[in-house]
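This report describes one protein chain, from its overall make-up down to selected side chains. The sequence and the structure come first.

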Amino acid sequence: MYELKTVIRKLFIACFLCLFLISCKDAKTDAIISLLQKWDGKEILFPKSPIFTIKGKDTILYPILDEYKILTYVDSIGCTSCKLKLSQWKEFMALVDSVKSESIQFLYFFYPKRSADVCQLLRAEDFDYPICIDEQDSLNKLNDFPSEIAFQTFLLDKNNRVLAIGNPIHNSKIKEIYLKIIQGGEVKLDGEKNVIQTKVNVDKSVISLGHFDWQKKQKASFVLKNIGKSLLVIQDVNTSCGCTEVTYSKEPVRPGDSILLNVSYKAETPGSFNKTITVYCNANSSPIVLRITGDAE
């Protein structure tokens, strides 16, 4: 069993390193390798008797069990709703339940600037799963988590040791790897070398929305043209913020045709912003990173 877990972790590190370097080309390889090796097999320490709540109303008994679990930690830096992505977590939990006969415990530890903001989001999203509002940041103090949100979610074994690291909500490939580990499958990028790829041209990768009233929703569209010889298939689109939504046709795009990514942005507060939209598809340039910028006043 120990050898199997070791093999899983080594394969995961190789896959994650490949994915992370593709999407963050400016990252230093040595730093990423060092970080992954540091957390490989590391035991996560939990505070004694953490307090969990449902929708911020009632505290409940929610013991940390001796079973496989997914732990996600959210710090107080930046946009809270952008990081939480509660609706996506609900979908992922339902997906995990559907593919795994044994239970997987989900552990949510949030360290917010204001607890009231988190409670409001929990109620607005009707998120009725237990969460720990860790006002003292005790979990992070015990473990010293990486500052990057990409490295603040962990798949743990029954002994709370790290099997995999990465956020399955922000990265569809990480989600794919998590599901494979949970199901006991081979950890590899799912037939990636066998996928027929095409080429994509983006009319513009950055759109400025300029200056506008922060209370009014703004819209923009990106055009992706299939300039290859095969069908273009959009596999997933992720946004860096819950205040950014993207709609698009799910139909494959024929060679020579284009697809519109319609983006809407509703500011939570006034201020400048720089939000990313990450497109995963069967193009050789995938993932494609797009941006919207502007000043909400």
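What share of the contacts in the chain with a separation of 6 or more comes from residues 24 or more positions apart? The share is 69%.

## Overall make-up

The model is predicted. Its chain has 297 residues, and 48% of them count as buried. Seven helices and 15 strands are assigned in the chain.

The accessible surface amounts to about 15,500 Å². Carbon and sulfur atoms account for 49% of that surface.

## Nonpolar cores

The largest nonpolar core contains 30 residues. Within this core, the residues with the most contacts are Phe222, Leu224, Ile277 and Val279. Two or more residues are contributed by each of these strands: S9 (206–212), S10 (218–226), S11 (234–239), S13 (258–265), S14 (271–281) and S15 (288–296). Another core, of 28 residues, lies apart from this one, and its members include Val74, Leu86, Tyr108 and Cys119.

Leaving aside residues up to four places away in sequence, Val279 touches Leu224, Ile234, Asp236, Val237, Leu261, Ser286, Pro287, Ile288 and Leu290.

Strand S6 spans residues 153–156 and is covered on both faces. Thr153 and Leu155 are buried on one side, and Phe154 and Leu156 are buried on the other.

S6 and S7 make a hairpin with five residues between them. In the turn, Asn160 has a positive phi of about 65 degrees.

Ala164 is also located in S7. Its relative accessible area is 1%, under the 20% limit, so Ala164 counts as buried. The C-alpha atom of Ala164 is separated by 9.3 Å from that of Ile174, 10 residues apart along the chain.

## Aromatic pairs

How many aromatic pairs are there? The count comes to 20. In one of the pairs, the ring centres of Trp39 and Phe154 are 5.3 Å apart. Why is this pair classed as tilted? The ring planes are at 40 degrees, which falls between the limits of 30 degrees for stacked and 60 degrees for edge-to-face, so the pair is tilted. Distant parts of the chain are linked by this pair: Trp39 belongs to helix H2 (residues 29–39) and Phe154 to strand S6, 115 residues apart.

Are Trp39 and Phe154 buried or exposed? Trp39 counts as buried because its relative accessibility of 2% is under 20%. Phe154 counts as buried at 0% relative accessibility.

Ring pairs also join a cluster made up of Phe46, Phe52, Tyr62, Trp89, Phe92, Phe106, Tyr108, Phe109, Phe110, Phe127 and Tyr129.

## Charges over rings

The ring of Trp39 has the charged end of Lys42 over it, 4.1 Å from the ring centre. In a second case, the charged end of Lys250 sits over the ring of Tyr248, at 4.3 Å from the centre.

Methods
Residues are numbered from 1 along each chain as its sequence is written. This is a predicted model: local features need pLDDT of at least 70, side-chain atom pairs count only at pLDDT 80 or more; totals for chains, interfaces and linings use all residues. Side-chain values use heavy atoms; hydrogens and water are left out. Helices (H or I, at least four residues) and strands (E, at least two) are DSSP runs, numbered from the N terminus. Buried means under 20% relative accessible area, exposed over 50%, partly exposed in between (1.4 Å probe, protein chains only). Contact means heavy atoms within 4.5 Å. Accessible areas come from the Shrake-Rupley method with a 1.4 Å probe; for residues, only the protein chains shown count as cover. A nonpolar core is a set of buried Ala, Val, Leu, Ile, Met, Phe, Trp, Tyr and Cys residues joined through side-chain atoms within 4.5 Å. Two strands pair if DSSP finds at least two bridges between them. Rings of Phe, Tyr and Trp (its six-membered ring) pair if their centres lie within 6.5 Å; planes under 30 degrees apart count as stacked, over 60 as edge-to-face and the rest as tilted. A charge sits over a ring if NZ of Lys or CZ of Arg is within 6 Å of the ring centre and within 35 degrees of the ring normal.
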